Amino acid sequence: MSYDVAIVGAGIVGLAHALAAARRGLRVVVIDRDERSVGASIRNFGFVTVSGQQSGDNRRRAMRSRDVWDEIAGPAGISVIHRGAAIVARRPEAASLLEAFCQTEAGRDCVLLNTAAAIARFPYLSRELAAVMFSPHERRVESRDAIPRLAAWLEAAHGVTFLWRTAVQAVETNRLQTTAGRVSARLIVLCPGDDLATLFPERLASYGVQRSKLQMLRLMPKSPFKLDAALMTDLSLLRYPGYSELPQAAALRRRLQREQAEYLAAGAHLIVVQSADGSLVVGDTHVYGHTMDPFSDEQLDALVLNEFHAVLPGVSYDVTQRWIGTYASLEDRPLLCDSPARDVRLVVVTSGTGASTAFAIGEETIAGMGV
């Protein structure tokens, strides 16, 4: 089996590289040890975040990746469920931070709504809020549906070959040893996600890569409820560097340390998105380490649901699903791109922003390999 490009890993990062290579007319194979994508790429919100990305390369990548989502959604049969995000400022300090953000280049297309205007536009929100910023840049897809549809479209429309249930045992120059035999390729791209032990573990360890474990919930509202945009709150502003690196974030951080220190310690913040069936995907919390247990912590879920109740007090619901996700994490570095051998790239998104940035990263990687 011989190809121009072999990609290991069929999560969003691997599929993004496959798209970039296929668009250049290259023969592409994607190899994955499972029979479908089951990792972090389907365990998230499907939330393509733009406004909160760190200024510079990461925000540029998010803008480009958002555009690619728009380009491929229709042809691949992927539904874009939300267009835009509403960031709810519960406190004056958060409102001041959002006001400052709107005055930056990144925030020029965003709109800051005062309390009355925010409630008029989003009547389901709590009346106890200081402001809401609406950003038109964000997108939301259903990850569990979008990732397999993307893989199927790459195969049908772009001729990408998929080797499922195939483990890669060794990486050599221009070839891979796999459980399905030898695969030859001029270029090799490794997208292992949070598998830090199988391929070039010493390289990953040298960077200090670890895992982040998150907890997610699906809620079914007891009454019909239409969410007009993805929601975030004050706590989220400290997790996204596009906001948290502004000087005005210091005052918000001090207040949250006084009022919600337990949330900050748990890496808890609130994102709420809606699925086509009306259910809400809600999360999340962040615990860091190298080996994660598979169990949920009810206290961490309670923190997220407390924040949900504060923002959407009139929404009653049943919890219909709970799950855990893990992703590779590297403090203060959103992307790891390494060259462990000639014509081999090791690409790991280390910030939980794969859905938001992977398409641009794939284009950069393939272009940078001289094709």
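In this predicted model, W69 is buried, because its relative accessibility is 3%, below the 20% cut-off. The residue belongs to helix α2, which spans residues 57–76. W69 pairs with F359 in an edge-to-face arrangement. F359 sits in helix α12, residues 354–368. The two partners are 290 residues apart, and the pair thus links distant parts of the chain. F359 is also buried, because its relative accessible area is 2%, again under 20%.

F122 and Y124 are both buried. Ring pairs also bring in F225, and F122, Y124 and F225 are linked into a cluster.

Arginine side chains also meet aromatic rings. R121 lies over the face of F134, with 4.2 Å to the ring centre. R144 places its charged end over the ring of W323. Here the distance to the ring centre is 4.4 Å.

Helix α1 covers residues 12–23 and has twelve residues. From its first C-alpha to its last it reaches 16 Å. That is close to the 16 Å expected at 1.5 Å a residue. The helix is mostly covered, with eleven of its twelve residues buried. The buried set runs through I12, V13, G14, L15, A16, H17, A18, L19, A20, A21 and A22. G25 follows α1 and has a positive phi, near 80 degrees.

The structure holds three cavities of 30 Å³ or more. The largest cavity contains about 40 Å³ of space. Its lining consists of T49, V50, S51, G52, A85, I87, E138, M232 and Y243. By class, the lining of the largest cavity has five nonpolar residues, three polar and one charged.

Several loops carry backbone features of note. G283 and D284 are joined by a cis peptide bond, with omega about -5 degrees. D284 is found in the loop between β14 (280–283) and β15 (287–289).

N174 is not a glycine, yet its phi is positive, about 65 degrees. This residue is in the loop that runs between β8 (168–172) and β9 (175–178). N174 counts as partly exposed because its relative accessibility is 27%, a value between the 20% and 50% limits.

F200 is another such case. Its phi is near 50 degrees, a positive value in a residue other than glycine. F200 lies in the loop between β10 (181–190) and α6 (201–207). The residue is buried, because its relative accessible area is 17% and buried means under 20%.

W164 occupies the loop between β7 (161–163) and β8. With a relative accessible area of 29%, W164 is partly exposed. The C-alpha atom of W164 is separated by 30 Å from that of T49. Along the chain, these two residues are 115 residues apart. T49 is among the residues that line the largest cavity.

Terms used
Residues numbered from 1 in each chain as written. Predicted model: local features only at pLDDT ≥ 70, side-chain atom pairs only at ≥ 80, totals over all residues. Heavy atoms only, no water. Helix = DSSP H or I, 4+ residues; strand = E, 2+ residues; numbered from the N terminus. Expected span 1.5 Å × (residues − 1). Buried < 20%, exposed > 50% of the residue type's maximum accessible area, 1.4 Å probe, protein only. Phe/Tyr/Trp six-rings, centres within 6.5 Å; stacked < 30°, edge-to-face > 60°. Lys NZ or Arg CZ within 6 Å of the ring centre and 35° of its normal. 1 Å grid on protein atoms, 1.4 Å probe; cavity = no way out; pocket = protein on both sides within 12 Å on 5 of 7 lines; lining within 4 Å. Points joined across faces, edges and corners; volume = space filled by probe spheres on them. Nonpolar A, V, L, I, M, F, W, Y, C, P; charged D, E, K, R; others polar.
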